[in-house]
Amino acid sequence: MTHDTHDGTTVGIGELAARTGLPVKTIRYYSDIGLLPASGRSPGGHRRYATDTLPRLRLIQHLRALGTPIAAIAAVTTGQRPLADLVTHELDTVQAQMHELTWRQGALQALDDCPGPQQPRRLALLAGVGRLDEAHDHLMRYWHWALPTGLPQRLAQAVIEGAVPTPPATPTTPTTPTVLAYAELHALTTAEDRRRQPQSHQVGDVASFYAGILDACTLATEALDSGCPTKHAEALDHFVGTYARIGGHDDGPAFRAHLRTQFRHGTRPDSFPLRYWQHALSAIGGTPPRPARRPSETSHRDMVILASAIDGLAVSASMICC
């Protein structure tokens, strides 16, 4: 190790090493890459540094101890970026990495829980998700594609916020069912038979239709939270009234019977709508509602099921939109 002494205006690399505990080799590397420029050299050819270099070196030392990349540190030491901005960016980066690692842990656990013969299929399903941010963006793009182009932005955003679950990777390790549900959801919306939502040629005034569906969702959520039969009926009436209005019908027994017939297709176990909303609800750790068992019960129960909640909004008023 080279030990230089003070000359009054500069300090040697050995002094910096002694005062920071860093190896001379490390300080020399910082100097070579421009992170800690030298002021000049001594008559003996040793590097000399300005006396204000020590605080800068300590800053570099502390940031490196936290794993901060060299390029990010350089932007701070040269004044191109405030320290607070770097801290915020690095925190966001670490949180994103933790999110991905938590998802990976959940995915590996889902594979570990799987019987051997089923592992190849499950592996392919989970691998299809890829990066979580990209998977989430894909679901967002699906809904932008599926909704009518003429739908006002505020309504489209409200539908999408209720329809796209957050990837199940925070705040704790996701369970195998939530991981698999999210993977199934991703696979469903990439399949060739994915479905669009009702378009203007089907419902006419799309803004009025979707606004009515969202209002029904809100009422359904309140009904589920309260368990009040009256609120269930109110949500159902609003939901049915929306369909009656766009078709120019009166909301009566005959129309409700017609509507139930139309909706039975959407509640078949293999239907796109039912699969989407069941997977979406499972992905956030919820339990899909069970359909009514007897035809005589469908007057209210099937309709309420089609308006029950997902991610704090309604699970299936929107189910009918698929």
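What share of the chain's contacts with a separation of 6 or more comes from residues 24 or more positions apart? The figure is 59%. Contact here means heavy atoms within 4.5 Å.

A word on the source. This is a predicted model, where local features need pLDDT of at least 70, side-chain atom pairs count only at pLDDT 80 or more, and totals for chains, interfaces and linings use all residues. Residues are numbered from 1 along each chain as its sequence is written, and side-chain values use heavy atoms, with hydrogens and water left out.

Now the overall picture. The chain has 15 helices and three strands. Those are DSSP runs, numbered from the N terminus: H or I of at least four residues for helices, E of at least two for strands. Of the 322 residues, 42% are buried. Buried means under 20% relative accessible area, with a 1.4 Å probe and protein chains only.

Start with helix 4, residues 70-77. Its buried residues are Ala72, Ile73, Ala75, Val76 and Thr77. They pack against helix 3 (53-65) and helix 5 (83-112). Just after helix 4 comes Gly79, with a positive phi of about 85 degrees.

Next, helix 6 (residues 119-127) and helix 9 (residues 176-190). They pack at an angle of about 70 degrees, with axes 8 Å apart. Therefore helix 6 is roughly perpendicular to helix 9; that label covers 65 to 115 degrees. Axes are lines fitted to C-alpha atoms, for helices over the stretch in contact, and angles run from 0 to 180 degrees between N-to-C directions.

Who meets whom? From helix 6, Arg121, Arg122, Leu125 and Leu126 meet a set in helix 9 that includes Val179, Leu180 and Glu184. By class, this contact has six nonpolar, one polar and three charged residues.

Stay on helix 9 for His186. Is His186 buried or exposed? Its relative accessibility is 10%, so His186 counts as buried. Beyond its neighbours within four places in sequence, His186 is in contact with Gly128, Val129, Ala135, His138 and Leu139.

Last pair: helix 8 (residues 153-163) and helix 11 (residues 206-226). Their axes come within 10 Å and cross at roughly 40 degrees. That makes helix 8 oblique to helix 11. Leu155, Ala158 and Val159 in helix 8 meet Ala207, Tyr210, Ala211 and Leu214 in helix 11. That contact has seven nonpolar, no polar and no charged residues. For these classes, Ala, Val, Leu, Ile, Met, Phe, Trp, Tyr, Cys and Pro count as nonpolar, Asp, Glu, Lys and Arg as charged, and the others, Gly among them, as polar.

Technical notes: Angles under 35 degrees count as roughly parallel, over 145 as roughly antiparallel, 65 to 115 as roughly perpendicular and the rest as oblique. Buried means under 20% relative accessible area, exposed over 50%, partly exposed in between (1.4 Å probe, protein chains only).
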